Amino acid sequence: MTDALLELRAIDKHFPGVHALKDAQFDVRRGEVHALIGENGAGKSTLIKIVAGVYQPDRGEIWLDGGRVQFSNPRESHSAGIATIYQELGLYPELSVAENIFMGHAPTAKRLGFETIDWEAMELGAEALLADLNIENLDVGAKVGALNVGNRQRVEIAKALSLDAQILIMDEPTAALTESDVEQLFSIVRLLRERGVSIIYISHRLNEVFELADRVTVLRDGEYIGTRAVPDTSEAELISMMVGRRIENLFPKQASAIGDVVLELRNLNRPPLTRDISFSVRAGEIVGLAGLVGSGRSETAQVIFGVLPAESGEILLNGESVKITRPSEAVDYGIGYVPEDRGHQGLIREMTIRENTSMAVLESVSKRSFISRAKERALANHSIRQLSIRATGPDQITNKLSGGNQQKVVVSKWLASNPKLLIMDEPTRGIDVGAKAEIHRLMSRLAAEEGLAILMISSELPEILAMSDRILVMREGRLVGEFAREEATQEMIAHAMMGASPAGGAWEGEGGLRSKLRQAAGAGL
């Protein structure tokens, strides 16, 4: 035996047509943060679902606190002191904070001979758990559905601790958090580690691994590649372990001949987050749109695409003024939109690659209202070749693909419409470094070789700086800065995003610019 609190040995797991885990291993010690990383499809989710009791391994052993265990369902895993916080939070929006924290194990009291829920004890218990995590100003009587993502995540953590969890699994916990929420999450993780809770931390963001973790384990194609002490490794080594090769250039930007103006906005308004916006995007140009969460970047894209029609102002395409009141009109004008949330807005994940790829161009693959499966399949096969989508074929269900390949399917859907302008909102969010490099290479090729105008929205400053020909910055619904590629720096962009300057006083301190700049600069590598 080792000094591990939890240990998985020689784990194998098969699904139809997929060998998800092959002789995989993993362990976590008491009171450590152990990061689990790998490309999409590496087997991370399957491994943690085995620990959580969602799946049972076909072969292998699970040891917990010195004894061999077997979890037939999630309840058995919970009872053993293991709690999992998934990226899609499992809370009940119409119930209160206290009710969610104590769901399934609410305190009870006998009244008039009947066992009933002790509401007062439940609320007091919830308040005590939140206070123990240094979480303030969270009303335990508030409905969870009215909370922001950061507070809902804190409720999940308190819920885990209410079960006396000794092992906490966190799956991509910062994916949808604001900068301040990320800081508070990091503080909670450090606090839990000091109290002896073991944390399995899954993230695509290597800067988080180096900031929080004690050790890091890499999976690739379902196989265990290795474990490193964080102080003894580097980003370059971990990337090489994840993808099986060195990625020399994460941002393969090609020089592009910039052409005529494709899109021009003049004083575009859709309050509160699109106010008096004016800018242009030219053929062959990648324009980066930066800003903090809530600055109005996505809302501006949605105004252009007709999801949120403008209240005033003007949109010009190829020099002609157009009125766009719904997405179908935007598509007719040659605009494609890769949304921030590919799972809910960009794809129908239960449908095939073939069906998703043709969704924006059904008229071209139909005759008298009947869809030609042969034309759909030919279109999907072309997209698979063009974008190097790793799939078994055009009839593969989309949610069986890795995150990076799902993103390529979203892009392929819009390329099928032959757009002149492609809006890409967080094009590499939630995908691994290898897939990021492929998406960047695709963007660069579309701009440089096909003359596509691209408006790219990103929260990752390295991506904005490396892939953009010009950079626009938004704050509180307004454009506050424009920078040429050759003059822009991380500090300049961050100053514009936050309305601060080094001489101002906001530079120092945990909540100041330096902390936020560090997060923004390293986010998502």
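Good morning. I begin with a pair of helices: the crossing of α14 and α15 is right-handed. Please keep in mind throughout that this is a predicted model.

Let us look at that pair in detail. Helix α14 covers residues 403-415, and its axis lies 9 Å from that of α15, with an angle of about 20 degrees between them. Angles under 35 degrees count as roughly parallel, and α14 and α15 are therefore roughly parallel to each other. On the α14 side, the contact is made by Gly404, Gln407, Lys408, Val411 and Leu415. On the α15 side, Ala435, Glu438, Ile439, Leu442 and Leu446 take part. By class, this contact of α14 with α15 has six nonpolar, two polar and two charged residues. An α-helix has 3.6 residues a turn, so residues three or four places apart point the same way.

Helix α14 has another partner, α13, which spans residues 373-387. How do α13 and α14 lie relative to each other? Their axes come within 10 Å and cross at roughly 120 degrees. The two helices are therefore oblique to each other, and this crossing is right-handed. Ser383, Gln386 and Leu387 of α13 meet Lys408, Val411, Ser412 and Leu415 of α14. The residues of this contact divide into three nonpolar, three polar and one charged.

The largest nonpolar core has 69 residues, and the members that touch the most others are Leu263, Phe279, Ile335, Ile454 and Ile493. Helix α15, residues 433-450, supplies the largest share of this core, with six residues. A second, separate core has 53 residues, including Ala165, Leu168, Leu192 and Val197. What does Phe279 touch, apart from its neighbours within four places in sequence? Phe279 is in contact with Leu263, Glu264, Leu265, Thr300, Ile304, Leu455, Leu472 and Leu479.

After α8 comes Gly244, which has a positive phi near 80 degrees.

That brings me to the backbone. Most residues other than glycine have a negative phi, and most peptide bonds are trans. Which residues here have a positive phi although they are not glycine? Asn318 is one of them, with a phi of about 55 degrees. Asn318 sits in the loop between β16 and β17 and is exposed, with a relative accessible area of 52%. Ser369 is another, with a phi of about 75 degrees. Ser369 is placed in the loop between β19 and β20 and counts as exposed at 76% relative accessibility. As for peptide bonds, the one from Pro271 to Pro272 is cis, with omega near 10 degrees. Pro272 belongs to the loop between β13 and β14.

Finally, consider Gln184, in helix α6, residues 179-194. Gln184 is partly exposed, with a relative accessible area of 25%. Beyond its neighbours within four places in sequence, Gln184 is in contact with Asn134, Ile135 and Arg154. Gln184 and Ser417 are 233 residues apart in sequence, and their C-alpha atoms are 43 Å apart in space.

Thank you for your attention.

Methods. Residues numbered from 1 in each chain as written. Predicted model: local features only at pLDDT ≥ 70, side-chain atom pairs only at ≥ 80, totals over all residues. Heavy atoms only, no water. Core = buried A, V, L, I, M, F, W, Y, C linked by side-chain atoms within 4.5 Å. Buried < 20%, exposed > 50% of the residue type's maximum accessible area, 1.4 Å probe, protein only. Helix = DSSP H or I, 4+ residues; strand = E, 2+ residues; numbered from the N terminus. Contact = heavy atoms within 4.5 Å. Axes fitted to C-alpha atoms, helices over the stretch in contact; angles between N-to-C directions. Parallel < 35°, antiparallel > 145°, perpendicular 65-115°, else oblique. Left-handed = near helix turned anticlockwise from the far one by under 90°. Nonpolar A, V, L, I, M, F, W, Y, C, P; charged D, E, K, R; others polar.
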